[in-house]
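Dear colleague,

Please find below the structure that I am handing over to you. My notes on it follow directly after.

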Amino acid sequence: MYQTSLFFKIKDTATQEKHKIVEIFFKSWVDGICNNEVDYTLTDVLEAPLNSVRWEEIYRVDFERTEDAVALKLKGIPPEYQNYVELV
């Protein structure tokens, strides 16, 4: 049973391939901190204007242990992901 949740926005990316790579690295980072004891739910897709191919997705990450969520918040988003992932 999941005890707490955090929301992360994967910021707009220029291509679907780049977006998928960011999503894979984001999930790998969270899973590594939390021993794969999390569940991901896509909660919202924010589409860009008609002339753009960019979009953003918001994920709810449910944690089995509250201390994992606290540890993730205290560590912060790694510098290499800060341009692509945001805690909301």
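Along the sequence, the protein chain of this predicted model runs β-α-β-β-α-β, with two helices and four strands in it. Helices (H or I, at least four residues) and strands (E, at least two) are DSSP runs, numbered from the N terminus. Because the model is predicted, local features need pLDDT of at least 70 and side-chain atom pairs count only at pLDDT 80 or more, whereas totals for chains, interfaces and linings use all residues. Residues are numbered from 1 along each chain as its sequence is written, and side-chain values use heavy atoms, with hydrogens and water left out.

Of the 88 residues in the protein chain, 34% are buried (under 20% relative accessible area; exposed is over 50%, partly exposed in between; 1.4 Å probe, protein chains only).

Beyond its neighbours within four places in sequence, Phe-26 is in contact (heavy atoms within 4.5 Å) with Phe-8, Ile-10, Tyr-40, Val-61 and Val-85.

Lys-75, in helix α2, is exposed, with a relative accessible area of 61%. Its C-alpha lies 9.7 Å from that of Ile-33, 42 residues away in sequence.

With kind regards
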